[in-house]
Amino acid sequence: MMMDFPVSDTNLEAAKQDELSFECDNYDLELVHKVAQFLLMGLASASVDNTKGNLFRGPASVAIDLRKEMVEYLIQRSEAYVSETVIEEGNADVETSGDPAEVISGFIDDFSSSKRNLFSRVSGWVLSEMREDSIDDFMQEMEMKGFWAVDIREAIVRTLLKNIDYMNHFHCGMKFNRAEELEEHKSRCDFRPLSCNNEGCKAKVCAIYGNKHDLVCPYKVLPCEQNCLQRIMRRDMDRHCITVCPMKLVNCPFYQVGCQSSFPQCTTEKHCSEFIHSHLLFILQVIHKQEASMDELKQRVQLLEKSQSLSDLSEALDVRSLTLAVKEQETKMKTLERDLSKKSKESGNVSKQVSELQRQVQSLQKRVGDGSSS
């Protein structure tokens with residue numbers, strides 16, 4: 001007769017783990033993609049350094065074997081990472097997550113360094129710029145030929161991340177008894193993938209980082225930073241603000257002749273209209289230079305402001321147009337002054353003639369009166 005032995009705590013825990021067979025497989029997408037690029041660079045580095053100086057073998061000839069070795073090495077290192085860290089720290093409760101990208105990058109560097117041939121070790125190749133160029137070229141070659149597809153690399157990274165991220169800071173480690181429970185969890189999992197809602201953006205991020213992405217998404221439409229009425233994509237904001245924004249600060253069009261004012265571009269016409277007096281004075285100073293005193297120039301400004309063409313002067317929005325308008329108006333004023341002077345002289349002569357006639361009339365009237373009395 002067979003007897004049932006009591007299940008130990010260890011066996012009971014294992015049984016529970018077997019029951020929880022439905023595991024969430026959501027990861028930090030950005031981190032996974034980032035580390036996947038590290039894998040390709042690490043393989044390129046190992047292949048280039050392993051064959052440098054060999055006339056009969058190139059990086060492509062060793063890439064397949066090195067890729068297999070690299071994956072096995074990284075998995076072994078990641079599986080031992082948590083226990084090694086606990087031993088080093090001497091505390092079983094130590095938080096061993098850290099930055100997985102840095103940890104895995106360290107593993108990759110260790111593997112690549114171990115594959116350098118004698119030439120690479122004893123020469124200055126490792127520190128040369130040519131090495132960096134060769135690695136970049138081989139990476140591009142592998143990508144173009146689809147040698148190590150990104151989805152395969154990302155699957156490897158997820159395995160490494162699962163081993164390293166003991167505290168589940170960068171992936172979801174939840175397990176469930178039933179598929180229905182897993183599906184319900186995935187709809188609210190912090191690491192569930194979300195597509196950016198901003199039109200034109202194709203980024204996919206974890207739900208937990210959705211707000212963080214929204215704060216930097218180049219396609220997000222925002223109110224103009226200079227408070228104009230337009231709404232602009234974040235990626236176009238700087239260009240808008242320094243080129244076409246009506247609220248961008250500009251110097252007065254008469255800055256070069258003396259006006260130091262700055263104001264929003266859309267208020268240029270208002271400024272030029274309100275400060276026509278000072279702008280006229282600046283222009284007259286330029287036109288007459290040292291030929292006239294400040295008092296004379298101010299008198300000319302007053303005459304120009306009283307002229308019938310003040311509205312034309314006010315419409316001039318730059319130095320050139322106002323200078324031309326002032327010169328034209330001054331020419332008209334000088335002509336008018338000459339005409340008035342000429343008429344004044346003619347009027348003076350007429351007055352003299354009238355006075356002389358009046359004197360002669362009075363003299364005649366006196367003689368006529370004297371003749372009558374005799």
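Tutor: Buried means under 20% relative accessible area, exposed means over 50%, and partly exposed lies in between. The model is a predicted one.

Student: With that cut-off, is Arg77 buried, partly exposed or exposed?

Tutor: The relative accessibility of Arg77 is 23%. Buried requires a value under 20% and exposed a value over 50%. Arg77 therefore counts as partly exposed.

Student: With which residue does Arg77 form a salt bridge?

Tutor: The closest N and O atoms of the pair are 3.2 Å apart. The bridge links distant parts of the chain, from Arg77 in helix α3 (residues 59-89) to a residue 33 places away in helix α4 (residues 100-114). The partner of Arg77 is Asp110.

Student: How many salt bridges does the structure hold?

Tutor: The pair of Arg77 and Asp110 is a salt bridge, and so is the pair of Arg131 and Asp49. For the structure, the number of salt bridges is 11.

Student: Which residues are linked with Arg131 in a network of salt bridges?

Tutor: Arg131 also forms a salt bridge with Glu132, in which the closest N and O atoms are 3.5 Å apart. Glu132 is partly exposed at 40% relative accessibility. Beyond four places in sequence, Arg131 touches Ser45, Asp49, Arg116, Trp125 and Val126. The residues linked with Arg131 in the network are Asp49, Arg116 and Glu132.

Student: Which residues form the negative surface patch that includes Glu129?

Tutor: Glu129 is found in helix α6 (residues 129-145). It counts as exposed, at 67% relative accessibility. Together with Glu129, the patch is formed by Asp133, Asp136 and Asp137.

Student: How far apart are the C-alpha atoms of Phe263 and Val250?

Tutor: Phe263 lies in strand β8 (residues 262-264) and is buried at 7% relative accessibility. Its contacts beyond four places in sequence include Leu249, Val250, Asn251 and His271. Phe263 and Val250 are 13 residues apart along the chain, and their C-alpha atoms are separated by 5.7 Å.

Student: What is the phi value of Asn168?

Tutor: Asn168 is situated in the loop between α7 (150-164) and β2 (175-176). The residue is partly exposed, at 37% relative accessible area. Although Asn168 is not a glycine, its phi is positive, at about 55°.

Student: Where is Asn227 found?

Tutor: Asn227 has a positive phi near 65° and is a residue other than glycine. Its relative accessible area of 64% makes Asn227 exposed. Asn227 is found in the loop between β5 (221-223) and β6 (231-233).

Student: Finally, what percentage of the residues in the protein chain is buried?

Tutor: The chain has 15 helices and eight strands. It exposes about 24,900 Å², of which carbon and sulfur atoms supply 52%. Of the 374 residues in the protein chain, the buried ones make up 31%.

Conventions
Residues are numbered from 1 along each chain as its sequence is written. This is a predicted model: local features need pLDDT of at least 70, side-chain atom pairs count only at pLDDT 80 or more; totals for chains, interfaces and linings use all residues. Side-chain values use heavy atoms; hydrogens and water are left out. Helices (H or I, at least four residues) and strands (E, at least two) are DSSP runs, numbered from the N terminus. Buried means under 20% relative accessible area, exposed over 50%, partly exposed in between (1.4 Å probe, protein chains only). Patches are made of residues with over 30% relative accessible area and no salt bridge: like charges are joined within 9 Å, nonpolar side chains (Val, Leu, Ile, Met, Phe, Trp, Tyr) within 5 Å. Accessible areas come from the Shrake-Rupley method with a 1.4 Å probe; for residues, only the protein chains shown count as cover. A salt bridge is a side-chain nitrogen of Lys or Arg within 4 Å of a carboxyl oxygen of Asp or Glu. Lys and Arg count as positive and Asp and Glu as negative; His and the chain ends are not counted. The place of a charge is taken as NZ of Lys, CZ of Arg, CG of Asp or CD of Glu. Contact means heavy atoms within 4.5 Å.
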